[in-house]
Structure formats: structure tokens, C-alpha cells
Amino acid sequence: MTTPSTTTADARPAPTSRISSLLAGRAPEPAGPRAVAVGTATSVAALLALAAGAVAFDVPLLIPPLAASMALVAGAPALPLAQPRSVVGGQLLSALTGFAVLLVADPGIWAAAVAGGLALGVMTLARTPHSPAAATALIVALEAPAFWSFMGLLAVAASVLVLVGLVGNRVSARPYPVYWW
């Protein structure tokens with residue numbers, strides 16, 4: 001016959017098990033070593049190419065939102081935020097939103113704040129959610145870059161991210177994209 005204290009003690013998980021469970025949370029399992037290595041290598045290659053282009057065209061502020069975009073494509077390729085429609089469409093719509101704000105306001109902090117907020121709304125309405133692109137709208141509203149060269153560079157850069165993500169995720173046997181449009 002068991003005593004009540006024995007039953008209670010046996011029913012509780014060990015302290016280390018509870019800590020491990022708490023730390024793990026409900027997050028998905030991490031990617032395998034091959035997916036991590038390929039994702040890292042393709043991200044570095046893509047960002048080196050994009051950084052060179054951004055410096056050559058004198059828009060280095062474009063690098064941070066593109067790096068965040070690449071992190072989504074390489075690190076979480078199944079998320080809606082990482083799909084080609086969202087990466088390319090979200091970046092371009094956000095830049096256009098920044099330019100639209102510049103039609104009614106001078107470049108600056110206030111214009112950047114409005115552009116970033118409006119870009120999130122525009123992406124939501126267009127079903128192209130891509131949070132890093134809100135930073136692109138801010139950059140446009142702060143810097144007022146030349147429209148055609150900026151939009152051209154951004155379209156090429158976002159497309160490069162998707163193509164590199166396509167290759168990298170295929171090599172690591174991860175499905176990407178989940179959908180194109």
C-alpha cells in the first residue's frame with residue numbers, strides 16, 4: 001500500500017524536467033544542423049551581395065530591413081511573412097507608402113513615423129504582411145531617395161532574397177515557398 005506522500009511525489013515531474021519544459025515552451029523544434037548551416041551560409045552570401053549593392057548605390061540604410069527579411073526567409077520559411085508575395089510585395093508597397101507620405105510632408109521623423117504606420121496598414125490590406133518592410137517606409141520618409149533608382153534596387157534586392165531563399169531551403173530540404181502569390 002502506498003502512502004499519500006509517495007503518490008504525490010511520484011506524480012510530480014522531476015525539477016529538472018519542469019525547468020526544461022518551461023524553457024522549451026511551445027516553440028517549434030529547432031531546425032536541423034544542415035538547415036541551420038545552409039540558411040546561415042545563404043544569408044551571408046545574399047547579404048554580402050546586397051550590402052555591396054546598397055553601398056554602391058549609396059543607400060546603406062536599406063541593409064537592416066533586408067537583413068531582417070533574409071532572417072525570415074532563411075530562418076522561418078513557412079511563415080506568411082517569409083513568402084515571396086510578402087517579401088517582394090511588402091517591401092515595394094512600403095517604399096511606395098513612404099514616397100506617398102513625402103508627397104504631403106517633408107522628410108523627417110514625423111513623416112517616417114507616419115510612413116511606417118501606414119505601411120503596416122497598406123500591407124495588411126494588400127495581404128502582404130512583412131514587418132521588416134515597415135522599416136523601408138521609414139527609410140524612404142527620412143532620406144527621400146531618388147524614386148526610380150531606389151525602387152529598382154529594392155525590387156532587385158527583394159527578388160534576390162527570395163531566390164537565395166528558394167535555393168537554400170531546397171538544399172536543406174525545407175519547403176519554400178509555401179505559396180507564391
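**The core and its helix pair**

A: Happy to! Let's start with one residue of this predicted model: once neighbours within four places in sequence are set aside, Leu62 is in contact with Thr136, Ile139, Phe150, Leu153 and Leu154. Both Leu62 and Phe150 turn up again in the largest nonpolar core, where they and Leu66 have the most contacts inside it. That core has 26 residues. Helices α3 (33-56), α4 (63-75), α5 (84-104) and α8 (147-171) each supply at least two of its residues, and α8 gives the largest share, with nine. Apart from this core lies another one, of seven residues, including Val101, Ala112, Ala115 and Ala137.

Now let's see how α8 sits against α4. The axes of α4 and α8 are 9 Å apart, and the two helices pack at an angle of about 25 degrees. Angles under 35 degrees count as roughly parallel, so α4 and α8 are roughly parallel to each other. Their crossing is right-handed.

Which residues meet where α4 and α8 pack? From α4 come Leu66, Ser69, Met70, Val73 and Ala74, and they meet Leu154, Ala157, Leu161, Val164, Gly165 and Asn169 of α8. By type, the residues of this contact are eight nonpolar and three polar, with no charged ones.

Methods:
Residues numbered from 1 in each chain as written. Predicted model: local features only at pLDDT ≥ 70, side-chain atom pairs only at ≥ 80, totals over all residues. Heavy atoms only, no water. Core = buried A, V, L, I, M, F, W, Y, C linked by side-chain atoms within 4.5 Å. Buried < 20%, exposed > 50% of the residue type's maximum accessible area, 1.4 Å probe, protein only. Helix = DSSP H or I, 4+ residues; strand = E, 2+ residues; numbered from the N terminus. Contact = heavy atoms within 4.5 Å. Axes fitted to C-alpha atoms, helices over the stretch in contact; angles between N-to-C directions. Parallel < 35°, antiparallel > 145°, perpendicular 65-115°, else oblique. Left-handed = near helix turned anticlockwise from the far one by under 90°. Nonpolar A, V, L, I, M, F, W, Y, C, P; charged D, E, K, R; others polar.
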